[in-house]
Amino acid sequence: MRIGDAKQTYQADEAIWTSSTQKFWFSLLLLILLVFPFLANAYLLYLGCLVGIAVISTTGLNILTGFTGLISLGQAGFMGVGGYTVAWLSLNTGLPFPVALLLAGLMAAAVGILVGLPSLRVKGLYLAIATLAASVFLHFIFAEWEPVTGGMAGLSLEPAHLFGFTFQSDFRMYFIIVPLAVLMVFAARNVFRTRVGRAFIAIRDRDISAEILGINLLRYKLMSFALSSFYAGVAGGLFAYFYRVVTPESFPLAMSIFYLAAVIVGGMGNLLGGILGAAFMTLVPEILKLLTAALTPFYPNAPVFMSPMLEIIFGALIVGFLIFEPHGLAEIWHRIRRFFSLWPFRN
Amino acid sequence: MSILEISDLSLSFGGVKALQEVSFRVPENTVTTIIGPNGAGKTSLFNCISGFYKPQQGTIRYQGKDLAGTRPPARAALGLARTFQNIALFRGMTVLDNIKLGAHVHMKSGLLGSLMYFGAARREELAIREEVERRIIDFLEIDHIRRQPVASLSYGLQKRVELARALAMRPKVLMLDEPVAGMNREEKEDMARFILDIREEWGVTVLMVEHDMGMVMDISDHIAVLNFGQVITEGLPAEVQKNPEVIRAYLGNSDIDSLRKKLNPDREAA
């Protein structure tokens, strides 16, 4: 049980980590993230990179859907814009990766602002359909604008590089992806302890009274779209560097739904939820596959039965979460924390 | 000197005339109250002043300037703050964040500053935190709940937090839509005390809509009476109380006629 939580200054009270316990656990997490690539095998490393990319994109969508209350099915499209920007830059300019990723984010943000324009008039499901239309439209551009996007065949790109150092392996990409994911989650955290983030939440909770408080709705909705798409663009750019090929099928509509599901399963309007949701959505299908492999020695037919079942089990898990834990994985985490902050007392 | 001057304001929704040539003044640094039966158009009038409804006719002058064409966020920046009849707090946020939101128009940090946090954005946040703590949270006696989510608070406390948020806007005119509706006696007394202090210590003009006549007569400096979208009378509480038209508006036409017949049957007959 923790007691004596008194602060001397407002600065100490407004900090992200307000106790040394939190700082300790967070440092431990960073340490684990740092050591992980040296201990993990190729498969785990691959998954680690995928989770990192998913965390960035999910955090982006969480800003828009979870915090600002604007449902978007355009996430895959925005990631595609980032992915194609990186691929095109890699083939035509040879810019180092930080510049390319920044441009990918900015490009996606610009597209995001355009897609967000209807959001002043339409909300909820109608906005979801509008962003869905944008997503279909972007997919069409990826497939048809051959001189730039390479059409259905897509583009293959060079590995990411900086000062002559190339990141051609998963091991090296890990050291781009994971630090960037940590940095971007912290940036998002910062947004939500300042004026801009509060304005986003105000728009989600009650847009009419937000306006009365002097919040310009269009400006902040577009800002949310831009920020969210920036995250998606960077994630898409990393995706392109990671697989070193982008095709229209790299960013299918199902991917948008994947990220929306990650936000909902993790916990809408909760940054930790976005992280947990991204990890859950990426890892659970893999864990189910591993289970199948583990069962095969005992039931030789397991792959035959299980492979069609995987999707069903995965879907059932999501439905289960929505019913039994509507506030998402983040809520489970908060419960555990509450338990330990009172421990050894019951309540 | 009147800070808010409403003249000839008319508003209709289709055939329904919500306001008809409403004119009245809000003298500076007073508690001015609009009273009237349900459906008289009080909240519609508030919505016109905040800029949600566009009146078909008439003007609203604030500090001598016509407000027509000024969007609601810009009106907030000019110093018009309000609370709502059915509390309009942001339920997902803590009390502290709700109040800080009130200061939104007085802050500057943009998206990039927010992402970085350190530097200008942090200085601004800490300055606002201090202002909110010293001037508002202490004043309204809500320091024990500052970390709680708004949704978990009692009705009376939520009303108080909404008042706090409006104060964080550094208002010149504070519009309160039924500030004590649904409160118990103690909460009402607290609220009345806060309203008087806001006028005296902060120099803010209070414009309020309220049904609780006891409180209205106690704390108002100026009262306007609205009925069926028209101003029947305005003046000091004592004058308004005696006005026969006001009594009729509240008791109904038939009542006062029958009352009069019973009282002096001879004169009515003559």
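Two strands are taken to pair if DSSP finds at least two bridges between them. The model discussed here is predicted.

**The mixed sheet of chain B**

On that criterion, chain B has an open sheet of 6 strands, ordered β6-β7-β8-β3-β9-β10, with mixed pairing. The edges are taken by β6 (80–82) and β10 (230–235) of chain B; each has a single partner strand, so one side of each is left without a neighbour in the sheet. Direction ignored, neighbouring strands are turned by 20° against each other on average.

Within this sheet, β3 (residues 31–35) and β9 (residues 222–227) of chain B are joined in the parallel sense over 4 bridges. One of the residue pairs is T33(B) with I223(B), the latter being the bridge partner in β9(B). Helix α7(B) lies across β3, β7 (173–177) and β8 (205–209) of chain B. The direction of α7(B) is at about 150° to β8(B).

**The antiparallel sheet of chain B**

Another open sheet in chain B has 4 strands in the order β2-β1-β4-β5, and its pairing is antiparallel. Its edge strands are β2 (16–27) and β5 (65–66) of chain B, each of which pairs on one side only. Two of the strand pairs are set out below.

| Strand pair | Sense | Bridges | A facing residue pair |
|---|---|---|---|
| β1(B) and β2(B) | antiparallel | 8 bridges | E5(B) and R25(B) |
| β1(B) and β4(B) | antiparallel | 5 bridges | L4(B) and Y62(B) |

Strand β1 covers residues 2–13 of chain B. With β2(B), strand β1(B) makes a hairpin that has 2 residues between the strands. In the turn, G14(B) has a positive phi of about 60°. S12(B) stands opposite K17(B) in β2(B), and E5(B) stands opposite R25(B), also in β2(B).

**Domains of chain B**

Chain B is divided into domain 1, made of 1–79 + 171–243, and domain 2, made of 92–168. Taken over C-alpha atoms, the centres of domain 1 and domain 2 of chain B are separated by 26 Å. The contact between them involves 9 residues of domain 1 of chain B and 8 residues of domain 2 of chain B. On the domain 1 side, α2 (72–78) and α7 (185–202) of chain B each supply at least two residues. That side of domain 1 of chain B divides into 7 nonpolar, 1 polar and 1 charged residues.

**Chain A: annotated spans and a helix pair**

For chain A, an unreviewed UniProt entry lists under "transmembrane region" residues 24–56, 63–89, 95–117, 124–142, 171–192, 222–244, 256–283 and 304–324. In the model, residues 63–89 of chain A are 74% helix and 0% strand, with the end C-alpha atoms 27 Å apart. Residues 171–192 of chain A are 95% helix and 0% strand, and here the end C-alpha atoms lie 32 Å apart.

Helices α13 (residues 271–295) and α15 (residues 329–342) of chain A pack at an angle of about 115°, with their axes 8 Å apart. The crossing of α13(A) past α15(A) is right-handed. From α13(A), L272(A), G273(A), L276(A), G277(A) and F280(A) meet L329(A), A330(A) and W333(A) of α15(A). The residues of this contact divide into 6 nonpolar, 2 polar and no charged.

**The contact between chains A and B**

Chain A gives 26 residues to the contact between the chains, and chain B gives 31 residues. The elements of chain A that give two or more residues to the side touching chain B are α1 (10–13), α8 (170–191), α9 (195–205), α10 (207–212) and α11 (217–243). The largest share of that side, 8 residues, comes from α9(A). By residue class, the side of chain A that touches chain B has 12 nonpolar, 8 polar and 6 charged residues.

Definitions and conventions:
Residues numbered from 1 in each chain as written. Chains lettered and ligands numbered in written order. Predicted model: local features only at pLDDT ≥ 70, side-chain atom pairs only at ≥ 80, totals over all residues. Contact = placed C-beta atoms within 7 Å. Nonpolar A, V, L, I, M, F, W, Y, C, P; charged D, E, K, R; others polar. Axes fitted to C-alpha atoms, helices over the stretch in contact; angles between N-to-C directions. Left-handed = near helix turned anticlockwise from the far one by under 90°. UniProt positions renumbered as here; feature names shortened; annotations may be inferred. Domains from an automatic or database assignment.
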